[in-house]
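Colleague: Could you take a close look at a single part of this model and describe how that part sits among its surroundings?

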Amino acid sequence: MGREATKKKKMKKNAKSGGFESLGLNPNVFKGIKRKGYKVPTPIQRKTMPLILSGSDVVAMARTGSGKTAAFLVPMLHRLNQHIPQSGVRALILSPTRDLALQTLKFTKELGHFTDLRVSLLVGGDSMESQFEELAQSPDIIIATPGRLMHHLSEVDDMSLRSVEYVVFDEADCLFGMGFAEQLHQILAQLGENRQTLLFSATLPSALAEFAKAGLRDPQLLRLDLETRISPDLKLAFFTLRQEEKYSALLYLIREHIGSDQQTLIFVSTKHHVEFLNLLFREEGIEPSVCYGDMDQDARKIHVSRFRSRKTMLLIVTDVAARGIDIPLLDNVINWDFPPKPKIFVHRVGRAARAGRTGTAYSFVTPEDMAYLLDLHLFLSKPIKPAPTEEEVLQDMEGVLSRCEQAMANRETIYGRFPQKVIDLVSDRVREIIDTSAELELLQRTCKNAFRLYSKTKPLPAKESIRRVKDLPHEGLHPMFMNVLETGELTALAFSEHLKKFRPKQTILEAEGEAAKLKHQQGPSGQWADVMKRKRAIHENIINLVHEQQQSKSNKEKEEIQLEISPSMEKGRKGFISFIVIELCLSLVIVFFSLKSE
Ligand code: AMP
């Protein structure tokens with residue numbers, strides 16, 4: 001099939017699939033969407049946009065993080081199409097806060113990049129004069145907070161909203177909650193009769209429902225039923241870690257965290273990973289069941305039936321294999337490899353926490369998976385937040401905890417790091433198991449290659465999600481581990497995270513000490529800096545000694561080419577260097593603690 005034909009076929013498929021292509025948008029709006037990096041519409045966009053485009057008034061229940069802004073901006077841009085100098089303002093977007101209005105302005109400019117539509121922002125905090133000037137440029141769209149809009153309407157006699165044909169109340173519950181109700185009624189009274197009205201709100205309190213009845217013509221109420229696709233009794237835990245840390249994290253979860261009476265389904269990307277984990281668990285004295293695509297039918301039956309009769313508590317599968325088997329209700333799902341499509345996630349976790357049972361879906365998230373995590377949350381219409389960092393916890397433990405509780409009550413997702421300390425403890429054991437098994441070593445290599453291939457062929461996340469990852473703040477330890485660690489360990493973690501972010505040649509304490517000296521304030525940090533320097537001098541001597549020994553050894557080796565370093569000697573040398581490094585870190589932590597207590 002020719003390239004042109006393939007392209008046409010793809011476009012036809014997209015047009016049918018409810019993608020942006022199927023909406024019949026003006027080419028300049030469609031180009032704006034692609035430029036912004038949206039790949040497929042989010043559920044709220046899929047539901048609302050066709051209705052809005054058909055001219056209906058809409059009340060949509062959608063939260064920030066669901067893609068609601070584009071849901072009303074895209075049809076607006078399509079409808080306005082191009083700047084008309086004498087027409088007056090044709091679209092009005094009301095936001096409860098200046099920040100939200102600014103954000104909406106940014107999206108309007110980005111999505112409307114290929115149109116010549118003019119936008120004016122009327123929010124408190126900016127000068128009235130500059131806003132008068134903007135209004136004189138005959139904008140097509142006004143984005144405003146109600147207070148400032150009313151201010152303009154009362155100051156300028158000939159300012160009229162009669163020409164407005166498209167009005168949006170964004171985060172309407174906040175608009176009402178902030179006491180703007182009276183102003184909103186006044187604004188509504190000034191709008192023309194033949195307008196389309198849209199109301200977006202996370203909740204629909206009764207006052208708002210009344211308002212909608214009065215101000216909207218036969219509105220369509222849209223809400224997402226997606227929440228029910230994932231059982232409300234299912235907890236979601238997202239752990240950030242690196243690819244090579246997954247073995248340790250998995251062993252820890254199975255050994256220490258998940259009760260031995262619970263059944264868990266583990267999803268991996270390839271059959272080689274199934275085989276690898278199967279062997280690893282067996283070496284650890286745990287017998288799992290496994291299932292993958294081209295597995296022998298009889299073996300598959302035996303494995304699954306052992307899991308069904310609870311003789312095994314783990315079932316390791318690939319997505320393809322899981323589709324074909326009848327898996328009973330179970331307690332937990334572990335996404336060892338993060339699913340590249342939101343629907344696969346929903347499908348995978350759908351077997352847990354059903355029929356009145358509770359359960360947890362644990363997901364490992366590598367840096368490469370972050371954009372997929374954002375895509376998933378757009379699909380679930382769920383807000384997502386990073387766990388508070390250790391520094392934040394130490395500064396305001398109470399505040400942070402209550403914010404976490406509130407987020408969880410709102411069913412927001414909090415993702416956080418898997419503790420390095422735990423990974424370090426388990427990884428030695430994992431290394432040992434792999435090192436002593438030739439089969440595991442070989443399989444590990446196969447897994448790496450298979451994973452590379454798998455990564456190349458999986459669908460890409462939305463470009464916008466890839467871009468958003470760059471703006472995400474640093475995440476703290478996952479809240480699930482807060483009680484595993486003691487406060488002292490938290491302090492040490494905060495310190496080591498601080499070190500990771502900033503690595504000057506001097507230690508932080510020395511740097512602080514230098515600064516203090518410069519200011520002629522030889523306080524406690526100055527003294528500690530001296531201690532650090534002395535400590536560094538001692539360690540440096542030892543490290544130099546090791547280097548010298550290494551050097552003379554390598555010279556010797558050059559002379560006796562036949563001689564091979566024995567593994568135990570090599571281990572001993574590595575051990576010695578590790579010991580020095582650990583010693584150095586420990587002394588840093590001790591000094592830090594003492595400094596804190598001063
Ligand atoms: P909102 O709920 O409107 O605040 O949007 C949340 C985030 O999702 C913003 O960064 C949007 O740019 C992004 N977003 C909205 N729609 C899509 C989409 N269809 N694909 C990818 N990202 C989107």
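Modeller: I begin with Thr270, which is found in the loop between E9 and H12; helices (H or I, at least four residues) and strands (E, at least two) are DSSP runs numbered from the N terminus. This is a predicted model, in which local features need pLDDT of at least 70, side-chain atom pairs count only at pLDDT 80 or more, and totals for chains, interfaces and linings use all residues. Residues are numbered from 1 along each chain as its sequence is written, and side-chain values use heavy atoms, with hydrogens and water left out.

Thr270 has a relative accessible area of 11% and is therefore buried (under 20% relative accessible area; exposed is over 50%, partly exposed in between, with a 1.4 Å probe and protein chains only). Beyond its neighbours within four places in sequence, Thr270 is in contact with Thr318, Ala450 and Tyr454, where contact means heavy atoms within 4.5 Å. The side chains of Thr270 and His273 are joined by a polar contact of 2.6 Å (a pair of N or O atoms within 3.5 Å, one able to donate a hydrogen and the other to accept it; residues adjacent in sequence count only if both atoms are side-chain atoms).

His273 is itself one of the buried residues of H12, which also include Val274, Phe276 and Phe281. Helix H12 spans residues 271–283 and reaches 19 Å from its first C-alpha to its last, close to the 18 Å expected (1.5 Å times one less than its number of residues). Its buried residues pack against helices H11, H19 and H20 and strands E9, E10 and E11. Just after H12, Gly285 takes a positive phi of about 85 degrees.
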